[in-house]
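Hello,

Here is the structure we talked about handing over. Please open it first, then read my notes below.

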Amino acid sequence: MLVADENLTDADLKMLAAGSRVMTNRIDIARRLASLPLVSQFGDFDFNAIAADSLDSVCYPVSKEKAVVHHIANLCFHCLKTGGELVLAGARQTGIRTYARTIGDYFGARAIAEKHRDCYRVVIAKPGPVANTPLEDSDYDNLRPIFNLDDLPVLSKPGLFGWNKLDQGSQLLAAHLPDFFSGFERMPETALDLGCGYGYLSLMAVRGGIEQVTATDNCAAAIIACRANFDGHGVDGRVIADDCGGEIESKFDCLLCNPPFHQGFSRDYRLTDRFLANARRLLRPGGRALFVVNQFVPLEKRASAFFRSVATVVSDGSFKLVELA
Ligand SMILES: C[S@@+](CC[C@H](N)C(=O)[O-])C[C@H]1O[C@@H](n2cnc3c(N)ncnc32)[C@H](O)[C@@H]1O
């Protein structure tokens, strides 16, 4: 079985042997897998469908977040046969050498590491049916309150980007929403939250007067958390797993976005460009988008390839808001 998170977005998945099982938390990877002769599963790394002691090997290029790596290592021990191997891969800065040690200790086995240029391949075999104390995974499966909005908890969980905080850039965007909405000829009714995470911008848009909100993200954990927050805050909105909003057909009066500029461990503006291209496609004529990005991201330049009107409307020294029409 291969465990594929965003690090494998650009991998050549056709290389996988027919019949291999792939577990992914990214809808873009799941869609690419759908045309291949593989057994794939999209979800928040839910291993319930995999029987205990059933797998010969699991390959896993380690994720960026420690809680995810520990969660997957704990589940792998359970699903591997005795003698089965967990094969980890990652560059030095992923923490792979520490994982070799900690996961090896948990399995009660020696991790065998091989260096390939700046990457490591680590093999840990399951020596027997009983492991040591499970690795700390920040209670991966469960949603928990992060902060309150109007006395209602906003829930989040490990596995989604910046899960345990309120993003400073998103706060800046939310504070500017009244001004943004007042720039329309009449109050916009529909909004798309592109790359919604746990749905903070959607919740704020609804509080600001938006009647119909749609939220989308490519990450399974984000979809789970956003859906829970819509339910908990009485928001009758849609939550859609999608890759940069590429399969959404409706058009929106306005669009809110705090786009990613990393894919896994590397910086990647191609992703930002795909967000911008879909933002243009998904706005109705006369619609407007409000993006927030780190000050150093050249969003204005990139956005001018897609929008005629590009204006930096706020800048706080760390983040800037860019309005596109
Ligand atoms: C900077 S976070 C913003 C999260 C949220 N909007 C907020 O304000 O807290 C960027 C979000 O984009 C999502 N994302 C990354 N790649 C994506 C893709 N290809 N399609 C859709 N969403 C993606 C991430 O999962 C993450 O939730």
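**Two loop residues with positive phi**

Arg117 is exposed, with a relative accessible area of 79%. Its place is the loop between strand E6 (112–116) and strand E7 (119–125). Arg117 is not a glycine, yet its phi is positive, about 50°. Bear in mind that this is a predicted model.

Asp53 is another case. Its phi is near 55°, again a positive value in a residue other than glycine. Asp53 sits in the loop between strand E3 (39–42) and strand E4 (55–61). With 45% relative accessibility, Asp53 is partly exposed, because the exposed class starts over 50%.

**Overall picture**

The protein has eight helices and 18 strands. Its C-alpha atoms fill a box of roughly 70 × 40 × 40 Å along the principal axes. How does the radius of gyration fit a compact globule of 325 residues? The globule would have a value near 20 Å, and the protein has 21 Å, which agrees.

Buried residues account for 50% of the 325 residues. The accessible surface is about 14900 Å². Carbon and sulfur atoms own 50% of that surface.

On charges, the count is 35 positive and 39 negative.

**Salt bridges**

How many salt bridges are there? The count comes to 12. Three of them are worth a look in your viewer, starting with Arg31.

Arg31 forms a salt bridge with Asp242, and their closest N and O atoms are 2.8 Å apart. This pair links distant parts of the chain, 211 residues apart. Arg31 is in helix H1 (residues 27–34). Asp242 is in the loop between strand E12 (238–241) and strand E13 (252–257). Are the two partners buried or exposed? Arg31 is partly exposed, at 34% relative accessible area. Asp242 is buried, at 2%.

Arg274 and Asp243 also meet through their side chains, with 2.6 Å from N to O. Here the partners are 31 residues apart, and they too link distant parts of the chain. Arg274 belongs to helix H7 (residues 269–282), while Asp243 is in the loop between E12 and E13. Arg274 is partly exposed at 37% relative accessibility. Asp243, at 18%, counts as buried, because the cut-off for that class is under 20%.

Arg302 pairs with Asp273 in a salt bridge, with the closest N and O atoms 2.8 Å apart. Arg302 lies in helix H8 (residues 299–303) and Asp273 in helix H7, so the bridge ties together parts 29 residues apart in sequence. Arg302 is partly exposed, at 27% relative accessibility.

Which residues does Ala73 touch beyond four places in sequence? They are Ile103, Tyr106, Phe107 and Leu135. Ala73 is in helix H2. Ala73 is buried, with a relative accessible area of 1%. Its C-alpha atom is separated by 9.5 Å from that of Asp137, 64 residues away along the chain.

Asn74 is found in H2 as well (residues 66–79). Asn74 is buried, at 15% relative accessible area. Leaving out neighbours within four places, Asn74 is in contact with Tyr106, Pro134, Leu135 and Asp137.

**Helix H5**

Helix H5 (residues 200–207) is mostly covered. Six of its eight residues are buried. They are Tyr200, Leu201, Ser202, Leu203, Met204 and Ala205. Gly209 follows H5, and its phi is positive, near 115°.

Which of these would you like to go through together?

Best wishes

Notes:
Residues numbered from 1 in each chain as written. Predicted model: local features only at pLDDT ≥ 70, side-chain atom pairs only at ≥ 80, totals over all residues. Heavy atoms only, no water. Salt bridge = Lys/Arg side-chain N within 4 Å of Asp/Glu carboxyl O. Helix = DSSP H or I, 4+ residues; strand = E, 2+ residues; numbered from the N terminus. Buried < 20%, exposed > 50% of the residue type's maximum accessible area, 1.4 Å probe, protein only. Rg over C-alpha atoms; globule rule 2.2 N^0.38 Å. Areas by Shrake-Rupley, 256 points an atom, 1.4 Å probe, with all protein chains shown as cover. Lys, Arg positive; Asp, Glu negative; His and termini not counted. Charge placed at Lys NZ, Arg CZ, Asp CG, Glu CD. Contact = heavy atoms within 4.5 Å.
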